[in-house]
Amino acid sequence: MKVYINYQDSRWKKYKIDFEKIANAVVGRNYKNSEVSITLIDDKEIHKLNKDYRSIDKATNVLSFELQDDILLGDIFISLDTVKREAKDLNISVEEHTAHMVVHGILHLLGYDHIKDDEAEVMEKTEIKILKKLGIKNPYMPDLPICSDSSCCPGSKFLSFFKKIKIKEDGLFQNIILFALGAVASLGFAPFNMWWATLIAVAAAYKFVVRANKVSWIKSFLRILPFSVAYSMAMFWWVLNSIYVVPELAAEFAIWTVPALFGIGILGGVIFAIPFVLISRMCTFPPCRPILFASFWTFVLWLREWFLTGFPWNPVANIFMPFPVIANSMSLWGALGLSFITIGLVAAVVELLTNYKSKLSWAVFFIFCFLFALGAFVGYKNIQAAHLQSDNNYVIRIVQPAESAVQKATHSRQEALRNAEINIRNLVELASAPGDFDLLVFPETSYPFVVLDGDSMPIAEYLNKPVIIGAQYYSAGKMFNSMVIADDSGKINKIYSKSHLVPFGEYRPLGDIIPTPGQLSKGAGAELMSLNLNTGSFAFAPAICYEIIFSDSLIPSQRNPDMIINITNDTWFGNTPGTYQHLDMVRRYAIESGMPIVRANYSGISAFISSDGEIISYLSVGQAGCLDGFVWGAHNTVYRTIGRDGWMIIILLFSIFLCVPLGKFNKLK
């Protein structure tokens with residue numbers, strides 16, 4: 001092959017480089033009649049070419065312009081200034097680095113590229129092989145990108161930029177980045193549904209942890225604390241909205257806003273830091289780390305169901321609610337299992353990006369991919385099962401008052417009685433809208449009077465319909481948050497009382513240290529209730545408010561109800577993310593249990609939800625009215641059969657049995 005050299009920068013002439021020999025080593029005999037032009041320039045000229053033809057405002061080492069002709073292959077431009085700087089950094093001669101640039105440039109003219117990882121690997125191996133024939137050692141260093149020239153490396157510009165950023169371990173900049181990542185990680189949940197943000201943020205935080213030097217337990221905890229604190233505050237700040245919905249509450253509790261926000265950050269920060277601290281202290285073998293990190297994360301999620309009566313809000317699995325097939329994999333292994341697979345897959349990808357040549361890391365990655373695909377297959381089957389309609393023909397009417405918390409609040413006795421009468425009239429008016437239905441469901445605490453033993457339910461008697469309604473129930477010196485079931489004569493047949501109470505909202509976990517609006521007693525726990533209607537009968541599992549976010553909490557063992565009826569009151573949280581996340585938690589429970597759900601919410605979102613988590617119909621936040629509908633498709637799921645605790649044991653055993661042989665293999669090496 002003929003090589004034409006153009007010395008635009010005369011400084012090049014002092015270097016003894018056989019360009020024709022290098023070029024022919026690349027093409028061999030296949031291009032003996034071809035021609036290539038090599039122009040040797042400086043940074044100023046290559047900067048201009050980059051700006052004019054590649055829209056890159058900087059100098060680079062080499063530029064290739066392919067002519068797509070077998071004879072005239074194209075033109076190559078090489079800058080001496082950049083080549084000299086890079087050669088010095090690599091501790092090699094200018095002649096060696098120039099040979100690499102010639103090989104790299106001609107391979108581009110021959111159609112090689114490195115936008116994709118597999119293409120980059122082929123091109124890199126080809127360069128190494130050619131340079132070896134020329135007596136030049138492998139030019140690629142461990143931390144050197146495949147091509148340091150972003151103009152001739154389309155696709156690597158983004159990676160090259162971040163590779164140049166040096167972040168001091170445990171420095172201020174790292175803490176700022178981790179805090180920002182924690183906030184970003186919360187965006188994967190409703191109402192934002194930026195699932196990719198959560199995955200990227202967790203991956204980045206994981207990378208910061210595993211890249212760092214091993215330090216003490218305390219330093220490991222302090223290292224990840226900015227991420228976990230921001231993650232907790234960004235996910236749960238909306239809880240404090242409840243302080244301000246009623247002026248009297250705001251006057252009493254507003255002073256606790258800042259301490260409560262810090263408390264949320266610190267408490268959540270400690271909890272969410274645990275998986276990162278454990279993985280940084282207990283495992284340094286890359287193939288094992290994703291498995292152990294995912295199991296630690298899942299175990300912490302499981303523990304959250306118990307601490308202070310539990311608050312397992314927003315498992316990572318919930319970021320997939322916009323994707324029905326993936327979300328329905330929770331019918332197989334629940335939120336615990338899908339969170340385990342998701343976190344494991346994220347960590348496995350990080351390990352592969354660090355060392356893509358590790359066969360064991362690839363094996364772990366494919367194991368998580370297989371589990372993800374298996375779950376999606378079962379999820380698809382669960383969607384089909386959920387759409388098998390039964391012969392139930394009863395219609396349920398949900399009433400959503402959508403009044404403000406101020407209207408519901410108790411002020412003076414006289415004002416409280418007047419508000420109660422207004423609220424009753426409003427409920428009756430909404431419930432009396434045209435339409436044929438068999439059962440009325442009112443939200444949590446919508447009945448404005450305390451129910452005593454022996455009372456009747458006048459709303460049911462007046463409307464001549466069976467009623468399910470939320471009310472305060474007083475019995476044996478204790479106050480309960482309850483669901484009252486009355487027949488069409490107004491007779492109260494059954495009262496179910498909430499067993500999972502909200503810490504600091506409905507009871508005082510720390511006594512009188514922190515003031516709490518209410519001090520309620522808890523009910524007996526899960527039970528089934530039966531209703532006999534004119535058009536048929538059915539059994540349902542009752543759930544009040546956030547009881548429905550607890551896996552295995554509602555359906556007694558070996559029982560199969562037709563549905564779950566969930567009454568709740570999200571008035572306290574208004575149009576904040578908490579309202580939408582609560583709905584996703586309800587949808588998640590429907591998938592896990594295989595149960596359709598009737599949800600009555602005081603301020604919205606009330607909805608009929610099928611057993612695959614699909615929202616059949618709903619009333620928006622702040623929309624007063626009624627919603628008629630029915631649900632179907634109740635079925636058992638693998639998850640409900642095995643249970644939350646069963647799956648936790650399986651996940652831990654799976655992690656142990658997978659990591660033990662990997663660890664032994666590492667020792668043998």
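The exercises below work through one predicted protein model.

Residues are numbered from 1 along each chain as its sequence is written, and side-chain values use heavy atoms, with hydrogens and water left out. Because the model is predicted, local features need pLDDT of at least 70 and side-chain atom pairs count only at pLDDT 80 or more, while totals for chains, interfaces and linings use all residues.

**Exercise 1. The chain as a whole**

Task: State how many helices and strands the protein chain has, and what share of its residues is buried.

Solution. 
Step 1. Helices (H or I, at least four residues) and strands (E, at least two) are DSSP runs, numbered from the N terminus. The protein chain has 21 helices and 17 strands.
Step 2. Buried means under 20% relative accessible area, exposed over 50%, and partly exposed in between (1.4 Å probe, protein chains only). Of the 669 residues in the protein chain, 54% are buried.
Step 3. The C-alpha trace spans about 105 × 55 × 55 Å along its principal axes.

**Exercise 2. Confidence**

Task: Find where pLDDT stays under 50.

Solution. 
Step 1. pLDDT is the predictor's confidence in each residue, from 0 to 100. The protein chain averages 87, and 91% of the residues score at least 70.
Step 2. The stretch with pLDDT under 50 is residues 142–159. Contact means heavy atoms within 4.5 Å, and for this stretch the model has 42 contacts beyond four places in sequence.
Step 3. Where pLDDT is low, the predicted coordinates should not be read in detail.

**Exercise 3. Two aromatic pairs**

Task: Classify the ring pairs F276 with W297 and F299 with W302.

Solution. 
Step 1. Rings of Phe, Tyr and Trp (its six-membered ring) pair if their centres lie within 6.5 Å; planes under 30 degrees apart count as stacked, over 60 as edge-to-face and the rest as tilted. A search of the whole structure finds 30 aromatic pairs.
Step 2. For F276 and W297 the centres are 6.0 Å apart and the planes stand at 70°, so this pair is edge-to-face. The pair links distant parts of the chain, 21 residues apart: F276 belongs to helix α11 (residues 257–282) and W297 to helix α12 (residues 289–304). F276 is buried because its relative accessibility is 1%; W297 is buried as well, at 8%.
Step 3. For F299 and W302 the centres are 5.5 Å apart and the planes are at 25°, so this pair is stacked. F299 and W302 are three residues apart in helix α12, which means a separation of about one helical turn. F299 is partly exposed, at 32% relative accessible area, whereas W302 is buried, at 18%.
Step 4. F276 and W297 also belong to one aromatic cluster, together with Y206, F227, Y231, F272 and F293.

**Exercise 4. Charges over rings**

Task: Which ring lies under R54, and which under K465?

Solution. 
Step 1. A charge sits over a ring if NZ of Lys or CZ of Arg is within 6 Å of the ring centre and within 35 degrees of the ring normal.
Step 2. R54 lies over the face of F65, at 5.0 Å from the ring centre. K465 lies over the face of F437, at 4.9 Å from the ring centre.

**Exercise 5. Strand β12 and its sheet**

Solution. 
Step 1. Two strands pair if DSSP finds at least two bridges between them. Bridge partners include L531 with F538 and S530 with A539.
Step 2. Strand β12 (residues 536–544) is mostly covered, with seven of its nine residues buried.

**Exercise 6. The surroundings of N328**

Task: Is N328 buried or exposed, and which residues does N328 contact beyond four places in sequence?

Solution. 
Step 1. N328 sits in the loop between α13 (324–327) and α14 (330–354). N328 counts as buried because its relative accessibility is 0%.
Step 2. Its contacts, leaving aside neighbours within four places in sequence, are G379, N382, I383, I591 and D612.
Step 3. N328 and G379 are 51 residues apart in sequence, yet their C-alpha atoms are 4.1 Å apart in space.
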